[in-house]
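Trainee: I have a model open and would like to go through it with you. Can we start with one of the helices?

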Amino acid sequence: MATVLAIETSCDETAVAIVNNRQVLSNVVRSQVDTHRLYGGVVPEVASRQHLEGVNPAIAQALEEAGLGWDQVDAIAATVAPGLVGALLVGLMAGKSLALVHNKPFLGVHHLEGHIYATYLEQPALEHPSLCLLVSGGHTSLIQVKACGHYSTLGQTRDDAAGEAFDKVARLLGLGYPGGPEIDRLAAQGNGQAFRLPEGQISQPGGGYHPYDSSFSGLKTAMVRLTQTLRSQIPEPEPLPMADLAASFQGAVVRALTKRAVACGRDFGLETIAVGGGVAANRGLRQHLTATAAAQGLRVLFPPLHLCTDNAAMIACAAADHWNQGHRSPLSLGVHSRMPLERVMDLYETP
Ligand code: KG4
Ligand code: ZN
């Protein structure tokens with residue numbers, strides 16, 4: 001049973017958490033979203049600077065909230081890929097320094113493996129194999145989870161990620177950043193059938209469509225055209241039907257994700273679909289995917305809302321599983337802005 005302290009600084013949350021295997025002892029998340037909102041997106045240099053200022057207080061707070069001293073921590077972990085290089089470096093250097101000073105093993109963690117493990121925190125009985133639908137600001141992937149550290153990507157987006165599409169369309173509609181929660185809120189008051197929008201299909205060379213890959217750039221362009229057409233029909237200052245626009249857009253994304261996840265689960269015989277990433281917080285997706293999958297005999301698990309978006313508890317949970325397998329990272333480990341999930345085991349020396 002490993003007690004792991006993990007640091008997550010891959011994007012715009014400075015997060016530190018302590019878990020004992022799958023039990024969360026403390027989970028500190030210092031969001032930078034108010035700063036980045038001023039620029040309409042994450043500014044990498046600003047993110048690194050804020051991680052530098054926030055990481056030590058967050059570590060102290062995580063230990064205090066867990067009521068633990070360093071002698072009760074078995075290992076230190078940090079997210080090392082993928083993400084913003086300057087931001088990742090802050091967490092990695094903090095983690096390696098602590099490991100060296102306190103003479104603990106160090107484990108680098110792949111951020112997406114962390115999102116996969118977010119579901120395990122609340123579902124201790126969940127075991128591999130399963131299918132993970134990972135939908136965040138940077139990724140839209142269907143991942144076959146075979147064992148700790150062993151994954152196959154079965155489908156992914158060919159262009160924008162689902163969360164990115166939410167953020168871009170929210171900006172088009174004049175909504176705040178990040179856009180996903182704003183569209184989710186508005187969509188609940190609108191009619192999802194109000195406008196017909198494309199779900200985005202990827203053609204296969206031999207004909208037909210790729211069953212598990214997605215594309216959201218065509219949907220985004222359709223939203224631009226739709227708002228332009230509506231604006232030409234509805235003169236200013238009359239408002240556009242915002243709730244219907246949000247609901248129709250969200251409906252198209254949700255149908256596209258659901259169709260692919262359910263087909264993938266069914267075709268590969270993976271009866272549990274665990275959803276992770278910021279878009280897993282979306283209420284439309286939670287309802288539609290759960291109902292559609294149940295009709296096909298598949299079960300869907302979502303993390304609680306606070307574990308869908310970036311946090312360090314999920315990183316610590318993944319690290320604890322690696323620790324249990326005897327995996328350790330060398331202190332020479334660096335960060336990577338990109339790294340496929342298939343290469344997770346490159347981060348470890350195995351016994
Ligand atoms: O996983 P995450 O916190 O960060 C990345 O690793 O990317 O995901 C952030 C993304 C943003 O694009 C945000 O708009 C989206 O998740 N998001 C949502 C919701 N809450 C967050 N998208 C749709 N509906 C939501 N309720
Ligand atoms: Zn993330």
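Mentor: Start with helix α3, whose buried residues are covered by elements that include β1 (3-8), α2 (44-66), β4 (75-81) and β5 (106-110). Keep in mind that this is a predicted model.

Trainee: Which residues of α3 are the buried ones?

Mentor: They are Ala 87, Leu 88, Val 90, Gly 91, Leu 92, Ala 94, Gly 95, Lys 96, Leu 98 and Ala 99. Note that Lys 96 is on that list.

Trainee: How many residues does α3 have, and how far does it reach?

Mentor: Helix α3 covers residues 85-101, which is 17 residues. From first C-alpha to last it reaches 24 Å, close to the 24 Å expected at 1.5 Å a residue.

Trainee: What comes just after α3?

Mentor: Asn 103, with a positive phi of about 55 degrees. Asn 103 sits in the loop between α3 and β5.

Trainee: Is Asn 103 buried or exposed?

Mentor: Exposed, at 70% relative accessibility. Asn 21 also has a positive phi, near 50 degrees. Asn 21 is in the loop between β2 (13-20) and β3 (23-31), and at 15% relative accessibility Asn 21 counts as buried.

Trainee: Switching to the metal. What coordinates the zinc ion, ligand 2?

Mentor: His 111 and His 115, each through NE2, and Asp 310 through OD, at 2.0 to 2.2 Å. The spacing of these donor residues in sequence is H-x3-H-x194-D.

Trainee: What is the geometry of the zinc site?

Mentor: Irregular, with angles of 93 to 140 degrees among the four donor atoms of the zinc ion (ligand 2).

Trainee: OK, the domains. Where are they?

Mentor: The domain assignment gives domain 1 as 3-118 + 310-347 and domain 2 as 128-307. Between them the contact takes 24 residues from domain 1 and 20 residues from domain 2. Their C-alpha centres are 27 Å apart.

Trainee: Next, salt bridges. How many are there?

Mentor: The count comes to twelve. One of them pairs Asp 34 with Arg 37, with the closest N and O atoms 2.6 Å apart.

Trainee: Where do Asp 34 and Arg 37 lie?

Mentor: In helix α1 (residues 33-37), three residues apart, about one turn of the helix. Asp 34 is exposed, with a relative accessible area of 53%, while Arg 37 is partly exposed at 41%.

Trainee: Which residues form a network?

Mentor: Asp 160, Glu 164, Lys 168 and Lys 220 are linked by salt bridges into a network. As for separate pairs, Asp 267 bridges to Arg 266 with the closest N and O atoms 3.8 Å apart. Glu 236 also meets Arg 231 in a salt bridge, at 3.9 Å from N to O. Glu 236 is exposed at 63%, and Arg 231 is partly exposed at 27%.

Trainee: What else does Glu 236 take part in?

Mentor: A cis peptide bond joins Glu 236 and Pro 237, with omega about 0 degrees. Pro 237 lies in the loop between α7 (217-233) and α8 (242-267). The peptide bond from Tyr 177 to Pro 178 is cis too, with omega near -5 degrees. Most peptide bonds are trans.

Trainee: And where is Pro 178?

Mentor: In the loop between α5 and α6. Leu 175 is in the loop between α5 (162-172) and α6 (179-187) as well.

Trainee: What does Leu 175 touch, leaving aside its neighbours within four places in sequence?

Mentor: Ala 170, Glu 182, Ile 183, Leu 186 and Met 242. Leu 175 is buried, with a relative accessible area of 18%.

Technical notes. Residues numbered from 1 in each chain as written. Chains lettered and ligands numbered in written order. Predicted model: local features only at pLDDT ≥ 70, side-chain atom pairs only at ≥ 80, totals over all residues. Heavy atoms only, no water. Donors = N, O, S within 2.8 Å, 3.2 Å for Na, K, Ca; no water. Tetrahedral: all angles 85-135°; square planar, octahedral: opposite > 155°, others 65-115°. Salt bridge = Lys/Arg side-chain N within 4 Å of Asp/Glu carboxyl O. Helix = DSSP H or I, 4+ residues; strand = E, 2+ residues; numbered from the N terminus. Buried < 20%, exposed > 50% of the residue type's maximum accessible area, 1.4 Å probe, protein only. Expected span 1.5 Å × (residues − 1). Contact = heavy atoms within 4.5 Å. Domains from an automatic or database assignment.
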